[in-house]
Structure formats: structure tokens, C-alpha cells
Amino acid sequence: MFKSFVYITVLYFVLSHAVVQIQAQHLNQYAYHPQSVKHVFLPKAFGEASFKVLNGKGEEVLVSETPKAKAWEFSGTEVTYADVTEVSADGSYRLLVDGMKHVIDFKIDNKAYNRLGTDLLKSYYMARATEPILEKHAGIYARQAGHPDDKVKIHTSAAGKNRPAESTISSPGGWYDAGDYGKYIVNSGITTYTLLHLYELFPEHLKTVNTNIPESSDKTADILNEILVNLRWMLSMQDPNDGGVYHKLTTKSFCGMIMPHKDTGDRYVVMKTTAATCDFAAVMSKAARILKHENKGLQSLAQQCIKAAERAWEWTLANPNIMYVQPEDITTGQYDDKNIADEKFWAATELFLATGKKAYKKEINFEEQKFMRPEWRRVNTLGLLSLMADNTYGSKLNKQQAQQRIIKLANKLYRHYNESAYKISINKFPWGSNGEVMNDGMLLINAYVMRGDDKYLHAADACISYVLGANPLNKCFVTGYGTNRVMFLHDRRCDADGIEAPIPGLLSGGPTNTVQNDCGSEIYGTKLPAMSYVDKVCNYSTNEVAINWNSPAIFTVLALDAIYSNKNNK
């Protein structure tokens, strides 16, 4: 009841101040990094206007002029911007624009990305299944353990000779996928990969990131410890009898908006699919390459991972086109995919990089692939990123060809960023558009690692500012951050825990006009894709959370933190 009252109050305030909000400045509401390109977006009326920036002492530190305003078709707005990039010292600042009656405050903080990235990463601890979330690690968001998953039933679609329908297996741990309590291999695949790849590129920096989780006192990086929670669950989803991998673990239908421990319905593993098995093989191969350089216990796990990956590949060869088909009695998330050539490419590439075996190399054909920004159903580009990062067997593949394809994608994203009125790479708004933005950031950072061209950093950094408020909605999409922050996520934990503020460090899915019937189309009030967003619990299409959206946000934020820290130390 209290949350409903708060929502109605906030909704009334937003609606009654709608004109003011639309005409207001759009900027990073948390803090810019000193090395960031910093844009404060302003209404059309302030195009070609003079502005100045004052520091905390009232001293003038920058005088400049805004460019001519520019339209953005996705929002139906025209904006200009004040470029305050030259201001780079830590502190609080005030922007004064000629003709504007109010001032605009912004902050610069060298530790901003480290704190933000830590909270984003901590969200995975908060999403752990099976174990209790402890007060000493989670504060007010502590909760009871949910879903022991020690007696998970074999669904009819997953049944086999050695595992008949309704028999049980143990599959505990892992992370809840999104606003629901399901665990899905294909979405876990790209999520776990993204975190592994971040650690592979910046291991020393990541070892300094402390998220205050139960494992923080050991000698393994917190990010790697968190990855292991999900990696071990993924291993339990492989049928040891044939190597195939179950597509998902869920109840037959979504539960209500209740806490995890109150969801006591039977849980099932559903279907083995080629996509899930390929994704599993790819992630296990990537993990094996990384874990073999860690302590002895993890080196042993690395051997287990590569054996599991090779068994999965054998199953794939025997079952090359088993697509996911939702059983009639299952209504949870499908994650179905009609084209799995990209999954096979990714799996073959990762297996070759882990083993050097010719059998995998012959399956890798660049010419047969169309490479795009990564997303759970578009994963072949992940193989390219791994290829460029690997110095063992990667040299036996065509690195130049892989680099050309990545740079081509990054240059396209940079062009979108450079031409956009809001200086952002996105030019489509599918479901989970904020995840798309952050995957752009990840791709751009990989291009920077290859070429060392700062333009890629600028475009990647803009992805962070966008989700922190530099967007036409003037909305900060990361919980716990910003002045106009997201509050009413479509997330069972956040809705049912009785706490006004949602769990911090969660990235909302973001605007899209692909579905507008979840809360009723009248709630949106627009078909413009960049403006189609509602901060309301019922709004699963734009305001849900998902592990695969948080992971590229973590990558982009902590990778930039690592790169900027390294530049400072030179």
C-alpha cells in the first residue's frame, strides 16, 4: 500500500511538471569522470548561446558557446548542448547559460565509475538463488534463501532413457535471470561471458574491486567469485548421459510478485536445445582458458569446464538444429532463436582457442557470418572478441580479419554517436534498449583496446552518461543513482520486499515501443521509441531488469575505470 501511495504521488508530480521536465537539461545526474567527454543537453531555444562554468568557489573555469540545435527523430525533440569537457578537476560545478533562468549543477569525480561499477556488479550477489542474502553484505536488502533447486523435475520435453519425466536432479545456485525467478542458459551464457571477458582484459584492475560478498576475504577477485556462482550452476544443467544442455530451469508459470522463499512451486528443467548447448560450450571454453591461470582449485575446475564443453559440442554435432519450442504447459520466458549459426560459430571459436584442435578450427568460417552488436540471440561477435584477446591459439586464426570486422562495427557506432543530437550510438530501440546501449559501449571499448584511438572511448563513455540521465527522458535508469532515478522496477524482489527504494545497481530495460499493452497503451502517451518508457511495476517491456543488461554496463563502466586509471598512472 505504501509503495502504491508513493507511486501515485510521484506520478502526479511528474505529470504536473511534464512540461518543465521536457524543457529541462539532460545530463549525467550522478558524476562525470574527469577524463570523460561531458555534454549537458539543452532545449532548442539555447542553440548558439554563450555559457560559462563556475567551480565551487564561484570562479569562472570555462566560457564557450553551444552549437546550433539538432533534431533527434527517435524522441521528436531538438536539442543543443554545452560541451564542458575541458573542466576536469574533481568537484561540484555550476553551468550558467545566457537566457536560461535557472542554473545547472553537475559533478566530476575520479571515483565515480569505480563506485558505480561496484554497485552494478554487486547486483549479481543480490540475485543469487538458493543461498540467503546476508545483512552484513546486503544491509536492508537481506533476504531468506529461495529456490533450493535440489529436487528439480525433468519436464516431459527434457525426458530421456536415463532421466525420465518427473524424475529429479539437483541444480542449485546461479542467478535469477530478470524480474522473475527463472534461470535460463542462453541468457546466462552471454552474461557470464561478458564478465569473463572483462576480467580477461583487465585482471589486475578487477582484483581491486571489492563488492563485499561472502567470498571477498579470499584471494580470488570478487568478479571471478561471482562468475563461479553461475558457472557452477550452468555445469549442473548438462545431462551427463549425453552432453546436451537444458534450455532453462523454471516453474511452469511465473509466480506472483512475491519474495523468492515464498515461490514454492515445482521447478523443472525444460528441453535440451542446440542454442543452449552451444552457448554452454562457448562459455565453458572461455572459463577454462581463464581459470587455468588461477589457483589450483580453479585450475581443476578449468579441466572440468573444457571436458564439459567438448561433450556439449559432441551433442551439438549429433543434434545440429534442435530449436526451442515452448511446451503447452510452460509459460515462462522462451528465449527462442530461429538462427543458431552464430551460436555454432561462437562455440567452435571458443573451443579452438581453449584446445587448439583442428576439428574446431575447420568449423570457423568468417564469410558465412553476419556480425552485429552482441545480444543473447546474436553471439558470433563474442567469438571475435575472444579471438582478439587470446595470445595462445588465436594467432592460428585470421586476427586481421577479425579485427577488421570489429572495427567496422565500432566505426558504425561511432558514426551514430557523432551524428546523434544526443551524442549516443543507439539508433534502434528494441526490448532492452539500455542493454543495447551498454553492449555498444562494450564493443567500442574492445575497439579501443585494439586500436588505441580515444574516439572509441568517447563514444563508450557517452553510453554511461545516457543511462545516467543524458537522454530525452531526463531519466537515470540505474537504481540508486541520479536525481530523477528509476524507482518502480518490474522485479519481484524489489516490489515484494517492503522497502521503498529498489535494490541499487540495477539497470532498467529502457524505452521501446515494441510492446505497449503491459500497463495499457494510454500510459505511454507516445509512439516515439526513445520516449516510450514508464516507471511502473506493471511495465515489464521497459522497466524490467535482466542479468544480460547489467553485464555490459559493468563491462563498460569498470573497463573505462581501468583504462582511465592506467592513463593517470602513466
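I took a salt bridge to be a side-chain nitrogen of Lys or Arg within 4 Å of a carboxyl oxygen of Asp or Glu. By this rule I count 30 salt bridges.

The model is predicted, and local features need pLDDT of at least 70, side-chain atom pairs count only at pLDDT 80 or more, and totals for chains, interfaces and linings use all residues. Residues are numbered from 1 along each chain as its sequence is written, and side-chain values use heavy atoms, with hydrogens and water left out.

I looked up Arg115 and found its side chain in a salt bridge with Asp109, at 2.1 Å from N to O. For exposure I used relative accessible area: buried is under 20%, exposed over 50%, partly exposed in between (1.4 Å probe, protein chains only). Arg115 is partly exposed at 39%, while Asp109 is buried at 18%.

Next I looked up Lys153, which forms a salt bridge with Glu166 at 3.4 Å, N to O. Lys153 sits in strand S8 (residues 152-154) and Glu166 in the loop between S8 and strand S9 (168-169), 13 residues apart. I took helices (H or I, at least four residues) and strands (E, at least two) as DSSP runs, numbered from the N terminus. Glu166 is partly exposed, at 41%.

I then checked Lys567, whose salt bridge to Asp454 has its closest N and O atoms 2.8 Å apart. Lys567 lies in helix H19 (residues 547-569) and Asp454 in helix H15 (residues 454-467), so the pair ties together parts 113 residues apart in sequence. Lys567 is partly exposed at 28%, and Asp454 is partly exposed at 32%.

Last, I noted a network of salt bridges linking Glu200, Lys286, Arg289, Glu350 and Asp390.
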